[in-house]
Amino acid sequence: MVNKGNTPSLMQIWIDRGKPETQPFDSDAAFVITPPIVRIDPKNGQSVRLMFTGEKLPQDRETLFWFNALEIPPASADQDKSSLQIAVRSRLKLFYRPAGLAGDAASAPNLVKWHIVPTAKGGEHYDPQGNECVDIKKWIPDSSIDFEQSKLKLNVSIPQAYMQQFDNNYIPPEKADSGVTAAFIDYNANAWRALTQGNIHTQYYLGINTGFNLANWRLRHNGYYNHAIGSMGDQRKYTAISSYLQRDSAVLRAQLTLGQYYTAPDLFDSVSYSGIQLASDERMLPDSQRGFAPTIRGTAESNAKVTIRQGGNVLYETSVSPGPFMIDKLYGSGYAGDMEVTVTEADGRKRTFVVPFATVPQLLRPSVARFNVVLGKYRDDRLNKTPEFFQGTYQRGISNLLTAYSGAIVSQDYQAMQVGLALSTTLGAFAVDATQSHAVIPALTTESSQQARGQSYRFTYSKLLETTQTNFTVASYRFSSRNYYSFSDYAQSAGRADNDMPPPSRQRSRVQANISQNLGEGFGSFYLSGSIQNYWNADQGRDMTYQL
């Protein structure tokens, strides 16, 4: 430090961790400064030494500290006159850089890239080249620049809607650690014995869940062993439920699975298969992007506070710059009713509007997509033969209001196609889809076969009636025509070994509901969950299950 003035200066020096209010006597930074206080005569300088204390700091990145220098001027020589003396405190960034960290400070500025995101103006994308000076007001609507010369301070205001948002708690999958090499086994064993009319029946059961992790691959196996002793003799059997090899695909935010596994139940009924599957994995998204929640849009007239409430509870609160704002980081909150948005301007004025919110499982956030691709062979040890098949599904959120989805199953003698729409409206959340199937069912006793073409329709609804606090969590209805075959129906019909094996129970219609009603303070709540289904097979009758 150099004193270029004509009078001596007293300097006090300390380091803080980013809190300007830190005083020299309570500084706990990882450095010791000598000397902490020094007098510097006119036209002279003074060296300051920083000694690292050895504190354990992160070794994979730089750590930021702040260097503080407080200059205290000498007292005025003429004590009889009024004078104004100013003590100047300077704060400089101080970086601790671990040894061996890639890169260097000299090349770091060249790695900083600025660009205007496509949403800034009419879908355009602009990357400044070299030292080109860009007028951001031309490219970003409602932005502003103000230079305060007295403070050498440049104030840049960009509307929140045009700024790229990051989730501070999110680690991208491509940066995740693959974990340690490890093996594990879980087991569950029990024995059961019964004496009935002089007959003794004994059964032993052992279930296992085991796995092995190596680098990015995970090997899993689930199965059980059953040993029964009784009037039917001594029967022993081991059944493999699933055996598969799995790994992440960070680029696709998906899981790759090889082996014996199950298809996803998002659009079609889940079936067991042996083959390969590539499917979206929502766990690779930030917590704030999982599930369905609407994107909140609005406009602020000043530096404003935006508060989002649902059912009287604050879900999210943030500050935004003047201009349009967009909030798409809300956590999925279930089925708790519409959202109330309050914009509080800098002068205290408040504006409130309501964003409808209800959800069904088919709804996705705007611009979020989900896919599933399977190539394999149907798996059922009871069947004489099982079909090979391809299944693909795709869902995409179009807007807060609309999600579209579609899927197909293709096999040699079976094809099915489904299309559907899901909507979130002020009247509740709806999902409607239709499935067309075509199946060729071979006859067991002749060489002829049966051609079956049919349709299945599904309607799903969800809504919270805020006036009565009645919550229809999920209410759905499905109807299938007589000649409609699901893929499981087809596989079991075509693969039956003989006439002794009963035909599949082909569902005709199904009604399902989950309803809750708040009975008021001190009286608790009422819940109803149940389903009713009937079948095209006359001897199947009707199934009804419910819980209160």
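Reader: How do β2 and β7 pair, and over how many bridges?
Author: Strand β2 (residues 9-16) and strand β7 (residues 63-72) run antiparallel to each other, paired over seven bridges. Two strands count as paired if DSSP finds at least two bridges between them. Strands here are DSSP runs (E, at least two residues), numbered from the N terminus. This is a predicted model, in which local features need pLDDT of at least 70 and side-chain atom pairs count only at pLDDT 80 or more, while totals for chains, interfaces and linings use all residues. Residues are numbered from 1 along each chain as its sequence is written, and side-chain values use heavy atoms, with hydrogens and water left out.

Reader: ok, and what stands opposite tryptophan 14?
Author: That's asparagine 68, over in β7.

Reader: Which sheet are those strands in?
Author: An open one of four strands, in the order β4-β2-β7-β8, with antiparallel pairing. β4 (37-40) and β8 (88-96) are at the edges with a single partner strand each, so one side of each has no neighbour in the sheet. From one strand to the next, the twist averages 25°. For angles like that, axes are lines fitted to C-alpha atoms, and the angle runs from 0 to 180 degrees between N-to-C directions.

Reader: What holds strands together in a sheet, in general?
Author: Strands of a sheet pair through backbone hydrogen bonds, either parallel or antiparallel.

Reader: New topic: where is proline 24?
Author: Proline 24 is in the loop between β2 and β3 (31-34).

Reader: Is proline 24 buried, exposed or partly exposed?
Author: Partly exposed, because its relative accessible area is 26%. Buried would be under 20% and exposed over 50%, with partly exposed in between (1.4 Å probe, protein chains only).

Reader: And which residues is proline 24 in contact with?
Author: Setting aside neighbours within four places in sequence, proline 24 contacts Gln12 and Trp14. Contact means heavy atoms within 4.5 Å. Proline 24 and isoleucine 13 are eleven residues apart along the chain, and their C-alpha atoms are separated by 7.5 Å.

Reader: What about the sheet with β21 in it?
Author: That open sheet has four strands in the order β19-β18-β21-β22, paired antiparallel. Its edge strands, β19 (313-320) and β22 (350-355), each pair on one side only. Strand β21 (residues 339-344) pairs with β22 over six bridges, and glutamate 340 stands opposite valine 354 in β22.

Reader: Last one: how is the chain divided into domains?
Author: Into domain 1 (2-96) and domain 2 (250-284 + 363-547), with bounds from an automatic or database domain assignment. Their C-alpha centres lie 69 Å apart.
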